[in-house]
Amino acid sequence: MNKCDNIKITSSDMYYIIFGTIVGTGILSIPNSQVKDAYQDGWISVTFGALYPIIIVFLSAFLSKKFPNKNILVLSEMFLGKFIGNIVNFIFFTFFLIIAILIVSGFNNVMIIYTTTFIQSIEIIGIVGILGGYVVCKGLNVLTKINKLFFYANLIIIIFLIPAFKRGSYLNILPMFQAKFTDLIKASKGTLYSYAGAEIMLLIGPYVSDKNKIRAKGFMAVFTVTIMYSLAVISAVYYYGPDIVPKSNWSLVNVSESIRITVINNFRFVFASMWIVVALKIFSNYYYASTVIIEHIFKKAKREYICIILYVVILVFSIKFTDETYRSGFIDIIAPIYVPFVLIFIIVIVIFSIFKAGIKNEKK
Amino acid sequence: MIAVKDKVYYMIFIIIIGYYTIFNTYPRPPVENLEIPSYVSIDVQKKETKPTYPIGIAAYIFEDNKIKYTYKEGIGKNVMDARQKRQLIENKEYVVGQEKAYVINERVAKEGIKPFIDSFFINNLTNDDAVVVICKDKASDVLKYEMNRYEEITDYLEDIIKTIDIMNFYNNKNSLLDVYTTLDSNIRTLILPYVEIKENGLKITGISVFKNGKMNRKIALEESTILNMLNENSGKGIVTLIEDESKKSESKYVDMYGKPKRKIKCWKENDKLNFLIEIYFKGEVITNSLNRDSDSKNSAKKEIEHMMEMKIEDLSNKFITKMQSEYKIDCINLARTAAAKYGKDSVEDWDKAICNSRIYVKAKVNITKQGRGGY
């Protein structure tokens with residue numbers, strides 16, 4: 001492992017990192033995908049999606065208890081052999097890299113619509129990339145600090161949704177529990193991408209000092225995210241009603257217009273700009289994860305150089321995703337491929353660790 | 001000491017910030033070259049072929065250290081076409097996003113305002129707080145009226161709409177944002193203020209009721225007061241109780257000023273919808289020549305409250321009968337409550353269902369204050 005990662009983080013730091021890796025600017029459009037199939041019951045279907053991160057947290061907590069000092073990359077090499085292990089690790093790396101690209105391009109798409117219409121995409125993406133790269137070069141220590149700070153920033157942003165409850169009407173979310181179960185399942189499929197991110201636990205697991213709290217804190221993080229997503233869907237439906245929500249591509253931004261502040265002409269701009277911190281946080285986390293995996297595969301490479309190479313890759317590919325239609329179509333294709341892959345990958349490692357653990361542990 | 005690695009980063013930041021501040025890549029025109037819109041008017045010209053829409057903008061310009069009004073108009077097939085045509089006579093840069101009011105001609109509204117609202121919604125710079133009003137004659141006259149009447153800059157039209165909720169029970173949900181949330185919903189009815197230019201000036205003369213994106217009818221002031229009282233989110237207003245209506249002069253009366261709140265109960269009987277509208281009218285007595293005993297005697301106060309309740313119920317029942325038989329629209333958003341209970345898809349045509357339903361009104365009046373005494 002790299003020398004600058006020779007540190008320990010507490011389990012509550014891990015809580016902030018997991019939260020920060022799941023919640024991004026995707027929350028702005030989450031009501032749209034839910035309301036389309038589940039109508040006013042979208043806030044129920046969004047909680048169903050939490051099943052995926054719960055499984056991930058459960059499995060990775062199991063692994064980090066069994067192998068306290070090894071992350072998933074070491075384990076996959078150990079069980080699957082060096083060659084296959086590296087290939088699987090590389091696919092795992094592309095998972096993080098692709099999401100990092102999608103995040104930064106999605107953030108850019110929100111920004112050029114709502115706030116900085118005069119700036120070109122490459123300038124936004126380039127600057128966010130540099131900031132993310134700086135955090136990644138500084139290592140896990142800075143990353144936890146950023147996640148901790150921006151967690152509270154994220155909470156403050158969510159608080160701005162509360163005035164919508166004053167101006168909306170409870171009649172919009174009634175009647176409850178009317179959607180069919182199949183519709184709810186169908187709607188919750190759309191959350192797969194939004195709930196991705198708990199996988200970072202598999203990489204930072206070895207650095208956590210108090211191992212016995214990992215599972216509890218992981219579940220807590222997923223629980224917080226679920227509440228936040230539910231609140232986002234409820235506030236959008238409460239304010240606009242289920243017919244109007246899908247009309248706006250980022251419906252949560254429009255909810256913020258319920259806030260009236262005398263001097264500010266339109267709170268929408270302020271609200272949209274606030275998501276800069278959230279986007280920076282989630283992007284750094286994915287950037288970090290992909291850097292760590294590459295560092296593991298090519299052991300000789302220095303982190304700074306990896307960062308620069310990945311920066312160029314991210315810059316080139318995310319420019320391609322600045323078309324929102326293309327991007328959301330790509331997510332619909334990519335999410336159902338990667339999620340089963342990650343799940344199967346972890347389950348295989350867990351099965352191997354149950355049967356082979358005894359022999360391998362003694363060798364060490 | 002700063003590490004070498006950090007120095008590289010600091011350098012990059014300084015170069016980026018320096019590049020943007022020194023070279024200033026984005027044009028920033030001075031205020032003299034800008035035109036800041038305040039009102040937008042939408043009219044229609046019907047010829048033998050397709051209709052064209054003259055869209056006018058009243059804007060502020062800054063000249064000779066003074067703020068002035070200008071009016072410019074473009075005629076086109078839709079909003080954007082008109083904007084393109086208007087640019088041909090434009091000598092300044094037009095800044096989207098500061099509009100204060102949209103004035104729409106009645107004839108345009110009757111054909112449907114959905115395409116216009118759509119083009120405002122798609123624009124990410126639109127000010128969604130801008131108010132929307134319907135006017136009887138040419139909408140551009142409303143804009144020109146304001147320009148001609150005041151030499152100083154005022155926002156008369158915007159102000160009368162913003163203070164609309166102080167009297168007549170009108171609600172202040174007239175912004176573009178409220179139009180977005182109600183226009184396309186089949187269980188809600190959009191209601192916008194209706195203005196006219198009379199001999200003595202610009203005036204609100206009633207409300208316009210929208211159905212399916214089109215203006216259905218205008219309701220005059222007298223009736224609109226009761227409609228607004230029965231509707232959700234009603235503002236403040238006065239209810240007058242006259243002892244003997246037939247008497248022409250010297251009749252005794254009570255005025256009450258307050259804000260009504262409604263509660264709706266909905267149930268089904270033999271597949272027929274039933275509604276009970278409970279109006280809680282809490283307010284103060286502002287004139288009382290009927291019975292001054294109400295200051296001291298509780299029974300007299302109760303009597304006034306009771307008479308007031310009867311009056312409100314009477315007015316409401318009259319309006320509801322007219323609404324069900326003549327207007328045939330759910331003007332008071334009852335469908336929303338029924339849809340919240342039985343689901344939106346349970347009834348196909350909500351207006352028809354509401355007009356065939358039984359609606360009961362029950363008023364409850366509560367006098368909170370009675371002033372400092374009677375003269």
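Predicted model: local features only at pLDDT ≥ 70, side-chain atom pairs only at ≥ 80, totals over all residues.

Biologist: Okay, two chains meeting. How many residues of chain A are in contact with chain B?

Modeller: Contact means heavy atoms within 4.5 Å. Here 36 residues of chain A touch 34 residues of chain B.

Biologist: And what area is buried between chain A and chain B?

Modeller: The size of an interface is often given as the accessible area lost when the parts come together. For the number here, take the accessible area (1.4 Å probe) that the two parts lose on being put together, summed over both. Between chain A and chain B that comes to about 2900 Å², with carbon and sulfur atoms giving 50%. In chain A, the residues losing the most area to chain B are A:Tyr134, A:Leu171 and A:Asn265, together 18% of what that side buries.

Biologist: How many salt bridges are there between chain A and chain B?

Modeller: A salt bridge is a side-chain nitrogen of Lys or Arg within 4 Å of a carboxyl oxygen of Asp or Glu. Four of them are counted between chain A and chain B. One is the pair of B:Asp178 and A:Arg167, at 3.8 Å from N to O. Helix 6 (82–114), helix 7 (121–138), helix 13 (214–240) and helix 15 (267–297) of chain A each bring at least two residues to the side that touches chain B. Helix 7 of chain A has the largest share, eight residues.

Biologist: What about salt bridges over all chains?

Modeller: The structure holds 29. In one of them, B:Glu90 pairs with B:Lys72, with the closest N and O atoms 3.3 Å apart. That pair links distant parts of the chain, 18 residues apart: B:Glu90 is in the loop between helix 2 (79–86) and strand 4 (93–94) of chain B, and B:Lys72 is in strand 3 (residues 66–76) of chain B.

Biologist: Now pockets. What volume does the largest pocket have?

Modeller: Rolling a probe the size of a water molecule over the atoms shows where empty space is left. On a 1 Å grid over the protein atoms alone, a pocket is an open set of points where a 1.4 Å probe fits, with protein on both sides within 12 Å along at least five of seven lines, and lining residues have an atom within 4 Å of a point. Volume is the space filled by probe spheres set on the points, which are joined across faces, edges and corners. The largest pocket has about 1500 Å³. Its lining has 49 residues, and A:Gly168, B:Lys173, B:Glu232, B:Asn233 and B:Ser234 lie nearest the centre. Both chains contribute: helix 9 (164–167) and helix 13 of chain A are among the suppliers of at least two residues, as are helix 7 (176–183) and strand 7 (190–198) of chain B. Strand 11 of chain B gives the most, six residues.

Biologist: Which element gives the most to the lining of the second largest pocket?

Modeller: Helix 17 of chain A, with eight residues. This second largest pocket has a volume of about 940 Å³ and is lined by 40 residues, including A:Ser29 and A:Asp332.

Biologist: Last one: which peptide bond is cis?

Modeller: Look at A:Leu174 to A:Pro175, where omega is near -10°. A:Pro175 sits in the loop between helix 9 and helix 10 of chain A.

Methods. Residues numbered from 1 in each chain as written. Chains lettered and ligands numbered in written order. Heavy atoms only, no water. Helix = DSSP H or I, 4+ residues; strand = E, 2+ residues; numbered from the N terminus.
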